[in-house]
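Hi,

Here is the structure I promised to pass on. Have a look at it first, and my notes follow below.

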Amino acid sequence: MIGHIEEGRRIDKAVCGSAQTFAIKGVELVDARGVIPHSWVSVVDGAIDASGTFDDDLATHIEMMGGADHIRVIDGQGAWLAPGYVDIHAHGAWECSFDDGADAIAVARAWHMNHGTTRQVLSLITNPLDVMCANLAVVARETSRRPDVLGAHLEGPFLALGRKGAHDPNCLVDPTPGRVDALLEAADGCLRQITIAPEREYGLEAISRFAGAGVTPAVGHCDADYDTARRAFDRGARIMTHMFNAMNGMHHREPGPIPAAVNDSRIIIELINDGFHVRNPMVALGMSMAPGRVAFVTDAMAATGCADGAYKLGALDVAVVDGHARLISNGAIAGSTLTLEVAVQRAVKELGIGLPDAIAAVTLTPAQAIGLDGPNAITGAPLGLVAAGYAADLLLLDPATLSVDHVWCAGRPIR
């Protein structure tokens, strides 16, 4: 654990340091738009300022920026150059949960950062309301301090008892106006999304209230039927939380919430591509049902990056066996030990999904889900593409394995 803490402090220092000016050449650029061979990009003040495909253009651009003596040029040696990964639903890693304070956030973020997740929404588990408010206040402080932390996702406490998954049933409540206001006040603007079962009393009203406050409501952990889910989307919900998990499935006479999300072009659909939460044929089906609207998420918990054994998810005991986390009390799946790096590798190498589509599912699509694909007050530059004007969140991927070899976040070198 000592090594994890040291790495957390190193990453914290790196992401809060100064952005650099540099260029990367000799790469195969890949993002949601496709592949651009023989590419280069240049970075100034934490954003991409130019890109191209001809070395002569790069040389001219460097001269305009002050000359080769002032600009570091990195030779990518044929690696894939991809945007930094964006995870909008994860709970922790390296024995630490995002609910457990600033030091725990630093440690867990270090693991995910080193595996290519340059930006992350910190998911907070269901707890008593006062505890959730206190945890939100911590995330708000870290969001204002660290560019890699995008804010909070509340997975609870407004979930269906029958679809609670690994959430404490004693803490599940209805989203009354008073509770909604308390969470919004505690978040102080850092709340990016919240998962709600829309069929709960006050559920639809709460979705409208959160959406009006600039939060993206998500439908999930629910028993909602098709019509209720549609009403939730019309009230402002724009995400489906980990499709297929913790919700009623599809039926030819009772279609449920999944077809409602699939049939609505406004909705981004989360999917946990670990082969355990969702088997490969269903991952492929999900991708084909909503092309361009599936965001891979990890739902990673504290055991991510750790050996099998006993762990905690909130106040609940979890056993991890063969990398799979389950509650000791009832055997329910309790989050994952996934990284987005592995999700991309699985999509391409096991499911035959094209690399640009796999990259889109961990970059541009999740950024779109929470409104960070354009200029914004949170990150300044948009996220999700390797293009001029976008944040300099960049990864160099091994061409053979798609493993993450080098990471930059907002123009800051991480590894």
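Which residues line the second largest cavity? They are Ile 125, Thr 126, Asn 127, Ala 166, Asp 168, Cys 171, Leu 313, Gly 314, Ala 315 and Leu 316.

Before the rest, the ground rules. This is a predicted model, where local features need pLDDT of at least 70 and side-chain atom pairs count only at pLDDT 80 or more, while totals for chains, interfaces and linings use all residues. Residues are numbered from 1 along each chain as its sequence is written, and side-chain values use heavy atoms, with hydrogens and water left out.

**Cavities**

The structure has two cavities of 30 Å³ or more. A cavity here is a set of points, on a 1 Å grid over the protein atoms alone, where a 1.4 Å probe fits but cannot get out, and lining residues have an atom within 4 Å of a point. Grid points are joined across faces, edges and corners, and the volume is the space filled by probe spheres set on the points.

The second largest cavity comes out at about 40 Å³. Its lining has six nonpolar, three polar and one charged residues (nonpolar is Ala, Val, Leu, Ile, Met, Phe, Trp, Tyr, Cys and Pro; charged is Asp, Glu, Lys and Arg; the others, Gly among them, are polar).

The largest cavity also has a volume of about 40 Å³. Around it sit Pro 83, Gly 84, Val 86, Thr 118, Leu 383, Gly 384, Leu 385, Ala 391 and Asp 393. That lining splits into five nonpolar, three polar and one charged.

**Asp 393**

This one is worth a click. Asp 393 sits in the loop between helix H12 (364–369) and strand E19 (394–397); helices (H or I, at least four residues) and strands (E, at least two) are DSSP runs, numbered from the N terminus. Asp 393 counts as buried because its relative accessibility is 5% (buried is under 20% relative accessible area, exposed over 50%, partly exposed in between, with a 1.4 Å probe and protein chains only). Its side chain makes a polar contact of 3.1 Å with that of Thr 118. By polar contact I mean a pair of N or O atoms within 3.5 Å; within protein, one must be able to donate a hydrogen and the other to accept it, and residues adjacent in sequence count only if both atoms are side-chain atoms. Setting aside residues up to four places away in sequence, Asp 393 touches several others, among them Trp 408, Cys 409 and Ala 410 (contact means heavy atoms within 4.5 Å).

**Val 283**

Val 283 belongs to helix H9 (residues 280–289) and is buried, with a relative accessible area of 0%. Beyond its neighbours within four places in sequence, Val 283 is in contact with Leu 271, Asn 273, Val 278, Phe 296 and Leu 351.

**Salt bridges**

There are 15 salt bridges, each a side-chain nitrogen of Lys or Arg within 4 Å of a carboxyl oxygen of Asp or Glu. In one of them, Arg 145 meets Asp 12 at 2.5 Å, N to O. Arg 145 is in helix H4 (residues 129–145) and Asp 12 in helix H1 (residues 2–15), so the pair ties together parts 133 residues apart in sequence. Arg 145 is partly exposed at 38% relative accessibility, whereas Asp 12 is buried at 16%.

Asp 12 also bridges to Arg 146, with the closest N and O atoms 3.1 Å apart. That pair links Arg 146, in the loop between H4 and strand E10 (149–155), to Asp 12 in helix H1, 134 residues apart.

Cheers

Note on methods. On a 1 Å grid over the protein atoms alone, a cavity is a set of points where a 1.4 Å probe fits but cannot get out, and a pocket is an open set with protein on both sides within 12 Å along at least five of seven lines; lining residues have an atom within 4 Å of a point.
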